[in-house]
Amino acid sequence: MKAEIITIGDELLIGQVVDTNSAWMGQQLNEHGIKVHQITSVSDEETHILDALTEAAMRADLILITGGLGPTKDDITKITLCKYFNTQLVFNEEAFENLKTIFSRFGREITPRNRTQAEVPENCTPLINKRGTASGMWFENNGKVYVSMPGVPHEMKAMMTNDVLPKIKERFVTPFILHKTVLTQGIGESFLADKLVQFEEELPPAFKLAYLPASSIVRLRLTAMGDEITIRKTMDVQFEKLLAVVHPYMFGVDEDSLEVIIGNLLKTKNKTVCTAESCTGGYVSHLITKVAGSSEYFVGSTITYSYPSKTKLLNVPADLLEKRGAVSEEVAKIMAAEALNLLGADYSISTTGIAGPGGGTTDKPVGTVWIGIGSKSGVTAKKFQLGGDRSRNIEMTAIYALNMLRKVLIEEN
């Protein structure tokens, strides 16, 4: 079975909005054994949309469409679908009741323009949008299924999860597919591939290994498709073999994240952590506090971006900063140690570096970073040489810092 995704909107084509919908839908479909054959983005133009629908029907059994369902003049998806399926818009009472519920929640009156949101093509099965005003639409035509959904991500995701995927499972017979992922850090994709040559050569025919690198982390996804009982049994064996090869670099599996892992370690130890950040500007703290319940173990942070703030808040000697610079082992260690004293935590993370794009020198080019880890047992620091992209340097520094803390927490059992 093949699927195709069509996203509609000029904002996607000019780069004003990034198409995250397709990536999420592709992942969901893949997990249900449905292969995405193609993803197409088209403008808010009738002929363009009609051509995309016609071409998709020649390639796929399932066509998923997002965008263009709002109440404004540029939202033409419903009208275009009527033309494609040779039908007309009709008023749907269930969709209107949903509109009234949403508008009453905010104490607003339904305008004539908003009322048109309750109109749907006559030959579709409406999919009521509990999170918004634009109903989804399910069409079946010449053995093909077309589903039109809102482009707003949280609305689309809810509709896809609660309505579309269950209907797809009823309508189509799909193969069983299983994914298992191991998360690694501290080794590049090509080096991992060298270590896994024999493993990949010995994989059963139904199995495939994918390398998914991002911001100093490489995810290794093992996928198999076929008979469920056989696949599950074989997956356990193959995944253990994979873990044995990459164990020195592994920090988690499947949906694990470093921030959740260190949070669990800190809670288990009944310990706390704080940060002293310079080049990351609070990004390490942001990752830690993304986790619900992080107040149990996260004490606080200092963002000492300038020389004076490092001296005033963290007692970094001014003469040391002048002599060695902020991006140095000595400064990283002092920041980590003083953060422990200032905030009273059991562990600390410090970051100091040159994120870029300017500020680099011959001795310390852009991407030079020192990370410190402090604890009652002492303070350590490590140098990293990253690249020239500012955002990526900040993200990678935070990931390296969290992984360093993870290792210390495990070692100090």
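A: The sulfur of C274 lies 16 Å from the closest cysteine sulfur, which belongs to C279, and this is too far for a bond. A disulfide is a pair of cysteine sulfur atoms within 2.5 Å. The model is predicted, so local features need pLDDT of at least 70 and side-chain atom pairs count only at pLDDT 80 or more, while totals for chains, interfaces and linings use all residues. Residues are numbered from 1 along each chain as its sequence is written, and side-chain values use heavy atoms, with hydrogens and water left out.

Q: How many disulfides does the whole structure have?

A: A search of the whole structure finds zero.

Q: Is C274 buried or exposed? And C279, buried or exposed?

A: C274 counts as buried because its relative accessibility is 0%. C279 is buried, with a relative accessible area of 5%. Here buried means under 20% relative accessible area, exposed over 50%, and partly exposed in between (1.4 Å probe, protein chains only).

Q: Let us change topic. What should helix α10 span?

A: Helix α10 covers residues 228–246, and at 1.5 Å a residue its 19 residues should span 27 Å. Its end C-alpha atoms are 26 Å apart, which agrees. The expected span is 1.5 Å times one less than the number of residues. Helices (H or I, at least four residues) and strands (E, at least two) are DSSP runs, numbered from the N terminus.

Q: Which residues of α10 are buried?

A: They are I231, M235, Q238, F239, L242, L243 and V246.

Q: Why might such residues be spaced like that?

A: An α-helix has 3.6 residues a turn, so residues three or four places apart point the same way.

Q: What covers the buried residues of α10?

A: The cover includes β9, β10, β11 and β12 (250–253), together with α8 (189–195) and α9 (197–201). The cover is judged by contact, meaning heavy atoms within 4.5 Å.
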